[in-house]
Amino acid sequence: MEENFFGENTEVQALAQKLQKVKENIGQLVFGQEEAIDLLLVGLLCNGHILLEGVPGIAKTLLAKLFAKSLHIDFARIQFTPDLMPSDVLGTSIFNPKTLDFEYRKGPVFSNFILIDEINRSPAKTQAALFELMEERQITMDGHTYHMAKPFMVVATQNPVEQEGTYRLPEAQMDRFMLKVLLSYPLPEDEERMLHHFMNKSLASEIELLSPVLDAAEVGALQEIVQQIKVEPALMHYIVELTQATRKHRHIQLGVSPRGALALMHAAKAFAALQERDFVIPDDIKAMSTSTWSHRMLLTPDAEIEGITTVAVLHELFDTIETPR
């Protein structure tokens, strides 16, 4: 990485400037969700998948669509429904009478950016079809392996599980999402800005006017820059201590996996880059912990009855485990 005379990393600064354009692009039509946009950028920089959760009408799908439209890459949207089959997602082999052979017809997942809308509307067999795709970025069909193009990112939306007609995502799939982003209601001033903006405009026409600001090559270059962000050994040890503590905590039935430890380290690196730093500090780890780990930890039944949350457990761990200096 290049540094100027003042010790500032010019590559990281350029990265932050390019990502600021993406944020501004999305911010034209989505109001009051700056933190969610930052987390989407973290996922993009880490080549990780993201789960967006929130009540209906809070702009989960819109946010994902605008994010994809800000990138000059292939985009596909899949609406998950209770009758959706794995072949509707991955594709299927069809017999060709001319060649007297079976041909693989690729499904909609063969794209760079996949938006899965309401992922928890489909049953386990369709959700399980995503396991290999999300982890290894490939599909094995009839003995042949098909690799996804780069970059490849899955952004899924879901309504809270207590909503009618939904299925709980299995732990194995939750662990494949690098980040879980909880969208909340906007502040009154942001909601008022939204009303003023769309008073004489339609959302559909405004989306059409949006132009991409990053292409696939630029995304790949930004991901390479993030890979070079420094993480001191003491901070790696800190992440391991936190990971181990989740597996021993009295309120946690299922702790954070090794995949989760890696996810937190990479997310902290991307977050540091967004702050125009080429090194990670403890605050980066703390800032990314909730979005990276809360969906990976399974509470004990007693803890759920008591109303304890995974976020509360994480705060307790940060209070008890010494922060590196």
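Mentor: Start with a term: a pocket is an open set of points on a 1 Å grid over the protein atoms alone, with protein on both sides within 12 Å along at least five of seven lines. Grid points are joined across faces, edges and corners, and a volume is the space filled by probe spheres set on the points.
Trainee: So how much space lies in the largest pocket?
Mentor: About 730 Å³. This is a predicted model, where local features need pLDDT of at least 70 and side-chain atom pairs count only at pLDDT 80 or more, while totals for chains, interfaces and linings use all residues. Residues are numbered from 1 along each chain as its sequence is written, and side-chain values use heavy atoms, with hydrogens and water left out.
Trainee: Which residues lie nearest the centre of the largest pocket?
Mentor: Arg 168, Met 174, Lys 180, Ser 294 and His 295, out of 28 lining residues. Lining residues have an atom within 4 Å of a point.
Trainee: And how does that lining divide by class?
Mentor: It has 12 nonpolar, 8 polar and 8 charged residues. Nonpolar covers Ala, Val, Leu, Ile, Met, Phe, Trp, Tyr, Cys and Pro; charged covers Asp, Glu, Lys and Arg; the others, Gly among them, are polar.
Trainee: New topic. What is the mean pLDDT of the chain?
Mentor: It is 90, and 97% of the residues reach 70 or more. pLDDT is the predictor's confidence in each residue, from 0 to 100.
Trainee: Where does pLDDT stay under 50?
Mentor: Over residues 2-7.
Trainee: What about Gln 33, buried or exposed?
Mentor: Buried, because its relative accessibility is 8%. Buried means under 20% relative accessible area, exposed over 50%, partly exposed in between, with a 1.4 Å probe and protein chains only. Gln 33 is found in the loop between helix 1 (10-27) and helix 2 (34-45). Helices here are DSSP runs of H or I, at least four residues, numbered from the N terminus.
Trainee: What does Gln 33 touch?
Mentor: Ile 58, Leu 183 and Ser 184, leaving out residues up to four places away in sequence. Contact means heavy atoms within 4.5 Å.
Trainee: Last one. How many cavities of 30 Å³ or more are there?
Mentor: The structure holds 1. A cavity is a set of points where a 1.4 Å probe fits but cannot get out. The largest cavity has a volume of about 40 Å³. Its lining includes Leu 44, Phe 113 and Gln 223, and divides into 6 nonpolar, 3 polar and no charged residues.

Conventions: Helices (H or I, at least four residues) and strands (E, at least two) are DSSP runs, numbered from the N terminus.
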